[in-house]
Amino acid sequence: MINPEELEPYLLHEDEPVRNAVVEYFADKWHQDEGIVPMILQACDRWGGEENMSGLHACRRFPITEQAFLDLVARSSSMAETTGMAGVNVSYHLNQAIATAPVGLLLKHETALLENPHQTREAMDFIQHRREFAGWSAQQLWEELQDYARRSEEKKNANDINHAYVDTLVEALAPCDVPDAATLCTLLKSPDNEHSWLEIFLIDLAGERRVHETIAILVDKFRIDTDYMLERCSEALAKIGDPEAVRLIRNAFPNESWSYRLYTSSLLGKIKVQESEDAIIALLESESDTTIRTNLCLGLCKLFSRRGVDVVRQEIRTQYDSSLVELEEELLPVAHILGIDLPEADEWRQKREEREQFRAQQQQELGELGKKYFALKEQGIDPFAKLGSPPHTPQTSEATTYRHHDARVGRNDPCPCGSGKKHKKCCGRK
């Protein structure tokens with residue numbers, strides 16, 4: 001396993017995929033080195049903000065010092081009027097990083113924030129919530145988190161939840177001892193909270209607070225096939241970063257469902273401990289599913305595993321699920337940083353360049369379509385008017401159960417290709 005200190009200099013590497021791979025490594029483990037954000041900003045100075053979008057996006061996961069905060073504000077304030085999607089994204093990620101800085105810095109430099117012409121309303125609302133909650137007692141915060149869960153009972157879609165509001169509540173509550181670890185565990189195990197928004201919020205709190213006592217409970221939840229909750233469990237366990245989670249997953253993995261193996265195989269690469277590398281290599285010896293094998297190999301890349309380089313190369317030579325990830329692209333920066341010469345490197349770089357050119361062409365075409373769309377809108381013309389409006393489907397109580405009475409294949413329906421997997425995890429993902 002590589003030492004994180006060996007990776008930090010590569011945040012300034014001239015090759016963008018190398019920088020991105022290192023940023024992702026630190027973001028997965030919520031690295032607490034205060035030097036990460038300044039190095040990302042230094043990379044922006046050298047190579048440009050658009051070429052460091054992954055780093056700017058990840059800034060919100062790292063500690064932000066006062067100097068880094070001031071640098072972020074200065075960059076956001078001095079940006080020219082953003083043009084194109086890339087410019088908009090750079091501005092957005094700067095504002096998101098600013099909004100997640102320590103509350104004390106937000107209060108101290110409130111004037112600079114208010115004078116920033118590019119500060120978004122979304123970021124300012126987030127900041128306002130954080131300032132407000134900083135003055136609440138632990139009991140007030142806990143009661144509001146429960147109340148918000150109750151107020152959200154009828155909301156079936158994750159997009160209907162004000163995640164920024166919940167995140168600020170969880171962040172403010174995390175340093176407190178309400179609810180204590182024992183109560184948190186009891187609530188997470190309670191059948192009364194299953195499939196509720198409170199369950200999701202408690203998972204987030206367990207991760208934010210790094211509650212080790214919840215590890216076994218969170219791992220057990222991977223036996224429930226519900227995407228959003230498992231995504232939250234993965235993030236919580238990655239934040240906790242304890243090898244106990246790896247041990248539990250490794251022991252259960254061979255006898256568990258495809259869904260369990262899919263989600264936990266993704267998680268192993270995010271927990272940056274030696275046990276993860278050992279577990280992935282051991283599990284690959286018996287795993288036969290191509291998609292899950294691909295996920296495990298991706299985990300080895302995310303761990304910068306030296307032992308994993310030949311394992312991943314072998315997987316590439318045989319067959320892997322390229323609809324999930326391009327393993328060649330993932331392995332190239334790993335081998336470079338580890339100082340391993342790959343005989344296939346030149347060929348893989350050429351193919352990567354071709355894919356990047358194709359993606360850039362698609363992005364340019366989308367940008368041109370966007371410009372035409374907004375130009376027509378400014379003239380009062382609706383570009384989609386001639387297409388007509390889709391027929392209105394009344395919302396019934398049945399609609400919230402995600403049943404399908406027509407020929408359409410739902411995300412949770414069996415895939416029509418006959419694989420036996422759910423559509424969302426087979427052809428639907430492609």
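Analyst: Start with how the chain folds back on itself. Among contacts between residues at least 6 apart in sequence, 68% join residues at least 24 apart; a contact here means heavy atoms within 4.5 Å. The model is a predicted one, in which local features need pLDDT of at least 70 and side-chain atom pairs count only at pLDDT 80 or more, while totals for chains, interfaces and linings use all residues. Residues are numbered from 1 along each chain as its sequence is written, and side-chain values use heavy atoms, with hydrogens and water left out.

The protein has 22 helices and zero strands. Helices (H or I, at least four residues) and strands (E, at least two) are DSSP runs, numbered from the N terminus. Of its 430 residues, 46% are buried. Buried stands for under 20% relative accessible area, exposed for over 50%, and partly exposed for what lies in between (1.4 Å probe, protein chains only). The protein exposes about 22,300 Å², and carbon and sulfur atoms supply 49% of that area. These areas come from the Shrake-Rupley method with a 1.4 Å probe; for residues, only the protein chains shown count as cover.

Now the packing of helix 18 and helix 19. Axes are lines fitted to C-alpha atoms, for helices over the stretch in contact, and the angles run from 0 to 180 degrees between N-to-C directions. The crossing of helix 18 and helix 19 is left-handed, a term for a near helix turned anticlockwise from the far one by less than a right angle; clockwise would be right-handed. On the side of helix 18, the contact is made by Glu277, Ile280, Ile281, Leu283 and Leu284, and on the side of helix 19 by Arg293, Leu296, Cys297, Gly299 and Leu300. By class, the residues of this contact are seven nonpolar, one polar and two charged. Ala, Val, Leu, Ile, Met, Phe, Trp, Tyr, Cys and Pro count as nonpolar, Asp, Glu, Lys and Arg as charged, and the others, Gly among them, as polar.

Phe304 is not a glycine, yet its phi is positive, about 55 degrees. Most residues other than glycine have a negative phi, and most peptide bonds are trans. Phe304 is buried, because its relative accessible area is 1%.

A second pair can be set beside this one. Helix 11 (residues 163–173) and helix 13 (residues 197–209) have axes 9 Å apart, at an angle of about 45 degrees. That angle makes helix 11 oblique to helix 13. Helix 11 passes helix 13 in a right-handed crossing. Val166, Val170, Glu171 and Leu173 of helix 11 meet Phe201, Asp204, Leu205, Glu208 and Arg209 of helix 13. The contact of helix 11 with helix 13 has five nonpolar, no polar and four charged residues.

The loop between helix 11 and helix 12 (181–189) holds Pro179. The peptide bond between Val178 and Pro179 is cis, with omega about -10 degrees. The loop between helix 13 and helix 14 (215–220) holds Arg210. Arg210 is another residue other than glycine with a positive phi, near 55 degrees. Arg210 counts as partly exposed, because its relative accessibility is 27%.

Ser76 belongs to helix 5 (residues 66–78). With a relative accessibility of 0%, Ser76 is buried. Setting aside residues up to four places away in sequence, Ser76 touches Leu94, Asn95, Ile98, Asn116 and His118. Ala58 is part of helix 4 (residues 53–58) and is buried, at 5% relative accessible area. Beyond its neighbours within four places in sequence, Ala58 is in contact with Val23 and Ala27. Ala58 and Val23 are 35 residues apart along the chain, and their C-alpha atoms are separated by 7.2 Å.

Note on methods. Angles under 35 degrees count as roughly parallel, over 145 as roughly antiparallel, 65 to 115 as roughly perpendicular and the rest as oblique.
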